[in-house]
Amino acid sequence: MGQNEIYLILIIVAVVIVTFSAILRRYRRCPSDKILVIYGKTGKNAAGSISSAKCVHGGAAFIWPVFQEYAFLDLKPISIECNLTNALSKQNIRVDVPCRFTVGISTEPEVMTNAAERLLGLSSDSIQNVATDILFGQLRLVIATMDIEEINADRDKFLASVSANVEAELRKIGLKLINVNVTDIRDESGYIEALGKEAAAKAINDAKKSVAEQNRYGETGKAMADKDTRVNVAAADADAVKGENSAKIEIANSDALRRQKTAEADRLAVAAEKVQAAKALQEAYQSERDAEIARAEREKATQQANIVVAAEIDKEKKIIEAEAEAEQARRRAKGEADAIYAKMDAQARGMLEILSKQAQGFNQLVGAAEGDAQKAVLMMIADKLPELVKTQVEAVKGINIDKVTVWDTGNGTDGKTATSNFISGMMKSVPPLNDLFQMAGMELPNYLKAPKKEDAPEEPKPEQPKKK
């Protein structure tokens, strides 16, 4: 790989890293209290028309560079105080209606688009100012369509009308009404106060009339009540006795049924407890059995890992060592065999060479003897004769006569002493040349043989000593 290729690879890697970083920077997540508004080239909406913005709430989106940009809309509630004064009612009576509205940007898809189109980039104070104008106008409109009595007496209807009108107008700019609270309603003419006084007086008169009627009804009712009381007391006593008896019967039946139910419940409870205890004991035994089995398996695995595996490893090690020693022995034996073979081969080659040279020498010796093998042998013996004689001489050369002690017992014969017999016997122990030739299967020439006894001159017998 050349240097240019390495530079090209590094450039490609750098471009990929920069591109990936740019992509990560353009991927935006939307917090739960905000709306992510993507504007630019956003495609078409559900109606098929070109969308001015794409709103995302509670998710994330990728912002295409160059073609798109993004911003956030805050969903935090905005509290607006609307102290409306001199609002003209349906009766042409001017009233003061202090209110407090709580609004916020809506998360409905269509309303979010309206907010993106009309509120994006505005500060919280600017949004509050726009909403305040709408609230004042709609509040005046609702008051103009209602009587003072309706506004003062039916607050729910008034608040419902305000909410309906305000909600419809706020949706146009992307807002929604969260809450409306009307603290008090006042007017300059005192009409509402007079209505209050009238209502209070009417309530007082109605209360007095009701008290008088109730007193009349009370006296009459008291007399009738006394009569009814006596009748009812007697009837109540009878009914009470009857009721007591019935109640006692019911109590007895209820006690019996209660005891029966209690006994049945106790029986079922005891049986259920025993069943559950037996199940618990069975599960405990089963758990202990499983635990013991697991412990046995673990112990078995441990023993197998500690003993069997170690034995297997030691076995494999010994097998490998034995195979290595056998291989070394085979190689050593092969080397020794090769050395012995080489040595024996060298010895055989040397012996063959010696025998070959000896055979050649014998052939030449026989040729010199004109083909007579006997003459050739004699020539060889004659050649070795000095060595044979030297060998015989060497046999008795090392004997130190000074160190030999011979005891003469006087048993000599033919005038020979023990010493002479010892010397002659020692000389006889050396084989003569004729015997050597005969052992070799040859005949010593006559001129080298010793004269026979019959041919040898008789030795003079020593004179016998005369007896005195």
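The model is predicted, so local features were taken at pLDDT of at least 70 and side-chain atom pairs at pLDDT 80 or more, whereas totals for chains, interfaces and linings use all residues. Residues are numbered from 1 along each chain as its sequence is written, and side-chain values use heavy atoms, with hydrogens and water left out.

The chain contains nine helices and nine strands; these are DSSP runs numbered from the N terminus, with helices being H or I of at least four residues and strands being E of at least two. Of its 468 residues, 16% are buried. Here buried denotes under 20% relative accessible area, exposed over 50%, and partly exposed the range in between, with a 1.4 Å probe and protein chains only. The accessible surface amounts to about 35000 Å², and carbon and sulfur atoms hold 57% of this area. Areas were computed by the Shrake-Rupley method with a 1.4 Å probe, and for residues only the protein chains shown count as cover. Among contacts (heavy atoms within 4.5 Å) with a separation of 6 or more, 67% are between residues 24 or more positions apart.

Nonpolar cores were defined as sets of buried Ala, Val, Leu, Ile, Met, Phe, Trp, Tyr and Cys residues joined through side-chain atoms within 4.5 Å. The largest such core has 42 residues, and Phe 101, Ile 143, Phe 158 and Leu 170 have the most contacts inside it. Helix H3 (residues 124-144) gives the most to this core, contributing seven residues. A second, separate core consists of six residues, including Leu 36, Ile 38, Val 56 and Ile 63. When neighbours within four places in sequence are set aside, Phe 158 is in contact with Val 97, Leu 139, Val 142, Ile 143, Met 146, Ile 151 and Val 182.

Strands were taken as paired where DSSP finds at least two bridges between them. Strand E2 (residues 34-40) runs antiparallel to E5, with seven bridges joining the two; within this pairing, Val 37 has Ala 71 of E5 as its bridge partner. E2 also pairs in the antiparallel sense with strand E3 (residues 53-56), over four bridges, and Ile 38 stands opposite Lys 54 in E3. Strand E6 (residues 78-88) and strand E7 (residues 94-105) are antiparallel over nine bridges. Cys 82 is placed opposite Cys 99 of E7. The hairpin of E6 and E7 has five residues between the strands, and Asn 92 in this hairpin adopts a positive phi near 60°.

Leu 75 is located in the loop between strand E5 (68-74) and E6. This residue is buried, at a relative accessible area of 16%. Residues up to four places away in sequence not being counted, Leu 75 touches Ser 32, Asp 33, Lys 34, Ile 35, His 57, Ile 105 and Thr 107. The C-alpha atoms of Leu 75 and Ser 106 are separated by 7.7 Å, although the two residues are 31 residues apart along the chain.

Side chains of opposite charge can pair when their charged atoms come close. A salt bridge was assigned where a side-chain nitrogen of Lys or Arg is within 4 Å of a carboxyl oxygen of Asp or Glu, and this rule gives 15 salt bridges. In one of these, the closest N and O atoms of Arg 258 and Asp 255 are 3.9 Å apart. Arg 258 and Asp 255 are three residues apart in helix H6 (residues 191-368), and therefore separated by about one helical turn. Arg 258 is partly exposed, with a relative accessible area of 47%, and Asp 255 is partly exposed at 27%.

Asp 314 and Lys 318 form a salt bridge with an N to O distance of 3.3 Å. Both lie in helix H6, four residues apart, or about one turn of the helix. Asp 314 is partly exposed at 35% relative accessibility, while Lys 318 is exposed at 51%. Arg 330 and Glu 327 also form a salt bridge, their closest N and O atoms being 2.6 Å apart. Arg 330 and Glu 327 are three residues apart in helix H6, about one turn of the helix, and Glu 327 is partly exposed at 29% relative accessibility. Glu 327, Arg 330 and Arg 331 are linked in a network of salt bridges.
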